[in-house]
Amino acid sequence: QSFRPYGFMANGEEIFFWDSEVAAVRQVAGFFSLENLERLLFLKENHKPLNSVQINATIVERAYQTEAIRRISEAIEVKKKRKALLVMATGTGKTRTIMALIDVFLRTHNAQRVLFLADRDGLVDQALTDGFKTFLPNESRARVRTYDLEDAKRKRICVSTLQTLEICYEKFTPADFDLIITDECHRSIYNKFTDVL
């Protein structure tokens with residue numbers, strides 16, 4: 001099966017990536033690995049619309065959670081947005097909503113590798129145990145640790161604090177993750193968040 005190849009453009013200082021079938025040229029932090037490009041091609045050839053699958057009702061039970069997932073899916077699928085912001089009050093089920101959103105991305109082949117970032121160990125541990133282990137138990141997951149990055153690179157779901165990723169993000173390629181979720185990282189006092197992403 002033929003496909004239009006991906007393109008990279010560089011001027012000696014900046015690198016740009018172009019998937020001419022999907023989106024306009026965008027600046028990236030570096031070149032993608034062969035494995036990244038093969039995964040992107042697989043996702044391109046096998047993805048289904050985000051709203052084409054049922055949202056897992058065992059993960060989210062409230063109508064506003066389902067509506068939030070549908071609105072994010074619409075922004076990404078129809079409006080071609082690359083970013084979305086979800087604001088929910090304490091106790092409204094942010095963790096469940098995000099787990100269901102990740103589930104939709106994985107089941108529709110819009111993502112194969114997910115990075116979940118938080119600014120505190122407590123939020124990372126909560127995501128691993130109360131989130132991924134409970135609601136997506138069949139997905140391989142690992143915490144990003146500076147002393148064992150190879151384990152994280154083999155898993156579909158990775159979780160990390162922003163502080164850990166600041167130390168080791170250069171060991172990942174710019175396309176190692178298809179979906180990045182940040183949980184309250186705007187509160188980080190380190191102000192390097194944009195650089196890491």
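**A tour of the aromatic rings**

Select Phe17 to begin: it is buried, at 4% relative accessible area, where buried means under 20%, exposed over 50% and partly exposed in between (1.4 Å probe, protein chains only). The model is predicted, so local features need pLDDT of at least 70 and side-chain atom pairs count only at pLDDT 80 or more, while totals for chains, interfaces and linings use all residues. Residues are numbered from 1 along each chain as its sequence is written, and side-chain values use heavy atoms, with hydrogens and water left out.

Rings of Phe, Tyr and Trp (its six-membered ring) pair if their centres lie within 6.5 Å; planes under 30 degrees apart count as stacked, over 60 as edge-to-face and the rest as tilted. By this rule there are seven aromatic pairs. One of them joins Phe17 and Phe32, tilted, with 4.6 Å centre to centre and 35 degrees between the planes. This pair links distant parts of the chain, 15 residues apart: Phe17 is in strand 2, and Phe32 is in the loop between strand 3 (26-28) and helix 1 (34-46). Helices (H or I, at least four residues) and strands (E, at least two) are DSSP runs, numbered from the N terminus. Phe32 counts as buried because its relative accessible area is 10%.

Move on to Phe172 and Phe177, a tilted pair with 5.5 Å centre to centre and 45 degrees between the planes. Both residues are buried.

Trp18 counts as partly exposed because its relative accessibility is 39%.
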